[in-house]
Amino acid sequence: MKGQRILRLICRGALVIILTLGLFAGSFTGYSYAHQFREIPNSAPSRTHWLGTDGLGRDLFTRVIYGTRVSLLLAPAAALLATILAAILGGLAGLRGGWLEKIILASADLSMSLPLLFVLIALRALLPLDVSPVLSVVATFVTLGVLGWPSSLRVVWAAARNLRDSDHILLARALGCRQSQILFRQVIPCLRPVFLAQFWISIPVFILMEATLSMLGLGVMEPLPSWGNLLHGAEDFSAMAANPYRLVPLFVLVLTVICFQFVFSGSEELP
Amino acid sequence: MTHWISKLAQKVLLLTALAIVGALLSATMVRFAPGYGVDERELDPRLSAASRDAIRNEYRLGGGLISYYCGYISGLLHGNLGTSVFLQRPVAGLLKERAPFTVRAVFLGLTTAWIAASVLSLLTIRWQTWVLEYSATAVTGLLIALPTAVVALLCLYLRVPVFLGIAVVTLPKLFRYQHNILAQAHARPFVLAARARGVSSNRILFWHVIPAAWQPLVALLGVSASMAFGAAIPLEALSDSPGMGQLAWQAALNRDLPLLTSITLFVTLLTAAVNCLAGAIQERQP
């Protein structure tokens, strides 16, 4: 138990460091993520370029920390969107019951049985591939958020249903409290831990999905960096073997996901 | 028996409804996508007005929306899924050509993952030593933290077949679900009672725990099929395997919506059918 606590503390520390690097990327590097040093493409790590440069001569360290900002700020945004949708629909299903509950649960079951990556790329393909980088980021994470709600919905629904039958809600109804009062004063505060748990659990899932989409060229567009598109081109194994420091984005990504798993592994048991 | 048949009929009906809704959604996506009906051949100054009209008629732009939907559905019923924009070949033919590769890889991958995950979770539940528990959690935790595309690259580097990649992607999630389900069943009072009576651990596991956990384990079939089909896209795309995943990726890069929506619809129906099968097996249990 003590060992787990120490491990969680270390993971929390690592997440804080990674997030700080991403948020204050400009303070840790003097270069822009798109600036090209055309005379030194594919250079090895040096004092001026800590992780060297990529094939276009861009500073890799700068791109990794700006990529951290993109991945670590937008995955929570997608998780927030998915959690809000799950909270609204799951809350409605759990509290109202009846035919509404049946319809919402059936649609959640249906969405959960869909192969998510197929639907994601089908929706992503609706947009032209040459959209601006910022629009590609927004499109990627909005799509992830909109499609990521069903797994959270089941948990929210179960918690809301338990709450519907609880004594204090019954008492509030018997005392003549209005529906809105019950919702905002009783239901939402009680369900807050469930929402938070679902939010934290969704973040690493969206980070991984973005990475896969970007590696396939369907996620965040160049020149904006993200952990996924920094790994685009990793199939050139000879180049990777010659410059192994290009795998740093993968290391940061895996470390972040593992840290999230450790820190929030008990979150689903919160309620 | 009659009850089971009526449940099965309900599931078939649900599958049909899903097919119709999916077909309409696919048609809507194709029809309202930016650039629909625009064909660069129309810019050719040598074409006559009649030729341009013929090109426009290929996209069914002449009639209204209802006739477009009717045309799409009737085409589907006759096995005409349209023509791929970038490959210039009938979508039905492409699906027929590519589907066996993916279905075989998904089937082999899922079988491997199920066997590995079952063995691993049974071992951890049977012996319950912290070394086994922590090493299984660490390995599966590391595998879960890898993006599917990275697993695909590793498969390419190690020259292993696509189905093993699918197994590697689905194994950690399957292990976690199976382990939780078995652990919950193992913690139930009748298991404690059996242990108190001196029943052997193997007998408890195979005669009491697994039968109690059977239903939720069967429900995992559908979920795992959905995970496996999702994993097929990056695995096939990056390892250049001629399956539906690679075709979907190429269709997405070329904005070939008729092809992409047909593949998505086909895979959705396949996973829904697996879900229905899992549901039917669950219904059969006493």
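## Confidence

The model is predicted. It scores ipTM 0.86 and pTM 0.86. Chain B has an average pLDDT of 84. In that chain, 90% of the residues score at least 70.

## Where the chains touch

Chain B brings 37 residues to the contact, and chain A brings 30 residues. On the chain B side, the elements giving two or more residues are α1 (2-32), α6 (148-158), α9 (201-239), α10 (244-253) and α11 (257-284). The largest share comes from α11(B), with 10 residues.

Sorted by class, the side of chain B that touches chain A has 26 nonpolar residues, 10 polar residues and one charged residue.

## Helix packing in chain B

Take α7 (residues 162-186) and α9 of chain B first. Their axes lie 8 Å apart, at an angle of about 160°. Angles over 145 degrees count as roughly antiparallel, so α7(B) is roughly antiparallel to α9(B). The crossing of α7(B) past α9(B) is right-handed. The contact of these two helices has 19 nonpolar, six polar and two charged residues.

Now α9(B) and α10(B). Here the axes are 7 Å apart and the angle is about 85°. The range of 65 to 115 degrees counts as roughly perpendicular, and α9(B) and α10(B) are therefore roughly perpendicular to each other. From α9(B), the contact uses Ala232(B), Ile233(B), Leu235(B), Glu236(B) and Ala237(B). They meet Met244(B), Gly245(B), Gln246(B), Ala248(B) and Trp249(B) in α10(B). By class, this contact has seven nonpolar residues, two polar and one charged.

Most residues other than glycine have a negative phi, and most peptide bonds are trans.

Pro223(A) sits in the loop between α9 (179-215) and α10 (227-230) of chain A.

Gln88(B) lies in the loop between α3 (65-77) and α4 (91-127). It counts as exposed because it has 7 C-beta neighbours inside 10 Å, and the cut-off for exposed is 12 or fewer.

Definitions and conventions:
Residues numbered from 1 in each chain as written. Chains lettered and ligands numbered in written order. Predicted model: local features only at pLDDT ≥ 70, side-chain atom pairs only at ≥ 80, totals over all residues. Contact = placed C-beta atoms within 7 Å. Helix = DSSP H or I, 4+ residues; strand = E, 2+ residues; numbered from the N terminus. Nonpolar A, V, L, I, M, F, W, Y, C, P; charged D, E, K, R; others polar. pLDDT = per-residue confidence, 0-100. Axes fitted to C-alpha atoms, helices over the stretch in contact; angles between N-to-C directions. Parallel < 35°, antiparallel > 145°, perpendicular 65-115°, else oblique. Left-handed = near helix turned anticlockwise from the far one by under 90°. Buried ≥ 20, exposed ≤ 12 C-beta atoms within 10 Å, placed from the backbone.
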